[in-house]
Amino acid sequence: MNSNGFKGNEKIMNRLGILLDSGRFPHAIILEGEQGIGKKTLARLIAAALVCRGEDKPCMHCTQCRKASENIHPDIFEYVASGAVHSFHVNTVRQIINDAYIRPNEADYKVYILGNADCMNESAQNAILKILEEPPAYAVFILTVQSKSVLLNTVLSRAVVLSLNPVEITQGANYIVDNMQGIDFDSAQNALKISNGNIGKAVESLQSSRSSDLAEVCVKICDALTDSDEFFLMSLCSSFQKDRQSVVFATEFLKNIFRDALVLPQSQDLISGQYDCARRLKLKLTKQNLVDLIAQCDELKKMAQMNINNALLITKICYALREAVGR
């Protein structure tokens, strides 16, 4: 089976490929592994492979694969519980069962991805068991769980259980570098080591760290605006040079700070969490300055989402923000 960017767990991928090529794909698969290990990604990949019309499944080029990748395929259904205990309700399971007896719209299979299936109580598990015992020939159920131990033995016995393992550190680091802007190999490698090869957790920690750094840059940008330090402002904005998504984040965060400054002192409900910065802006800028800054942030965000040269975009940011405060 074509991995299409899914990293690691080669033995599982080979096993799935054999099952797919044999024409005897199981009606129920349970993907087990900790949060962030790739269960949802693999479940969607399996679903795409089942509806694929190409040779190397999933080909990701045929109409069926494109619909699957855009989450609009009429024969692929995804249900994800919130994660709270017993949050996968028996009524949801009953709806799934009723739908499963309706034949597929386009594909040879109807695929049901049940995320956080370990949140099913015993009633919900017994309900899903009924259709796993005598499923329609075209129906495939993919359950994702952090631990199979919470599922009834009767459910486990009617499914193929695949336990996902962490990725090899170098392989995972290369994947992160290829798919996350502004992240170098050493940072990705360190994050993966800390998360024990869990790509999802590594990405989350990198994003959190990056967001914290960008928030600090935004606060300094606000100070540079009030201090009329054009050179300092330009040097701060240069941190966005290699990562367009950083500009999107910064425009949204700056807008929140400017909005907070605008509502002070009438409101203490600050959405940016930057009270001191908002208070300094309130003292040094006019209401119209703040309104203009908010408007500029909206325009700069639109520009960041377009295919505009980053160097020109950074220059525009500096000019637009200084113009809004009358510099």
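This is a predicted model: local features need pLDDT of at least 70, side-chain atom pairs count only at pLDDT 80 or more; totals for chains, interfaces and linings use all residues.
Trainee: What about contacts between residues at least 6 apart in sequence: what percentage join residues at least 24 apart?
Mentor: Among those contacts, 70% join residues at least 24 apart.

Trainee: How many aromatic pairs does a search of the whole structure find?
Mentor: The search finds three aromatic pairs. In one of them, phenylalanine 77 and tyrosine 112, the ring centres are 5.0 Å apart and the planes lie at 15°, so the pair is stacked.

Trainee: Where in the chain are phenylalanine 77 and tyrosine 112?
Mentor: Phenylalanine 77 belongs to strand E2 (residues 76-80) and tyrosine 112 to strand E3 (residues 110-115). They are 35 residues apart, and the pair thus links distant parts of the chain.

Trainee: Are phenylalanine 77 and tyrosine 112 buried or exposed?
Mentor: Both are buried. Phe77 and Tyr112 also form one aromatic cluster with Phe141.

Trainee: What can be said of the pair formed by phenylalanine 249 and phenylalanine 253?
Mentor: That pair is stacked as well, at 5.8 Å centre to centre with 10° between the planes. Phenylalanine 249 and phenylalanine 253 are separated by about one helical turn, because they are four residues apart in helix H11 (residues 244-263). Phenylalanine 249 is partly exposed at a relative accessible area of 23%, whereas phenylalanine 253 is buried at 13%.

Trainee: Back to strand E3: where does valine 111 stand, buried or exposed?
Mentor: Valine 111, which lies in strand E3, counts as buried, with 0% relative accessibility.

Trainee: And which residues is valine 111 in contact with, leaving aside neighbours within four places in sequence?
Mentor: Its contacts are Ala47, Leu50, Asp75, Ile76, Phe77, Val140 and Ile142. From valine 111 to phenylalanine 77 the C-alpha distance is 6.2 Å, although the two are 34 residues apart in sequence.

Trainee: A change of topic: which peptide bonds are cis?
Mentor: Proline 58 sits in the loop between helix H2 (39-51) and helix H3 (63-69). Another runs from leucine 264 to proline 265, with omega near -5°. Proline 265 is placed in the loop between H11 and helix H12 (275-284).

Trainee: What is phi of methionine 60?
Mentor: Phi of methionine 60 is near 65°, a positive value in a residue other than glycine. Methionine 60 is in the loop between H2 and H3, and it is partly exposed at 27% relative accessible area.

Trainee: And phi of asparagine 116, what is that near?
Mentor: For asparagine 116, phi is near 55°, again positive in a residue other than glycine. Its loop runs between E3 and helix H5 (122-133), and asparagine 116 counts as partly exposed, at 23% relative accessibility.

Key
Residues are numbered from 1 along each chain as its sequence is written. Side-chain values use heavy atoms; hydrogens and water are left out. Contact means heavy atoms within 4.5 Å. Rings of Phe, Tyr and Trp (its six-membered ring) pair if their centres lie within 6.5 Å; planes under 30 degrees apart count as stacked, over 60 as edge-to-face and the rest as tilted. Helices (H or I, at least four residues) and strands (E, at least two) are DSSP runs, numbered from the N terminus. Buried means under 20% relative accessible area, exposed over 50%, partly exposed in between (1.4 Å probe, protein chains only).
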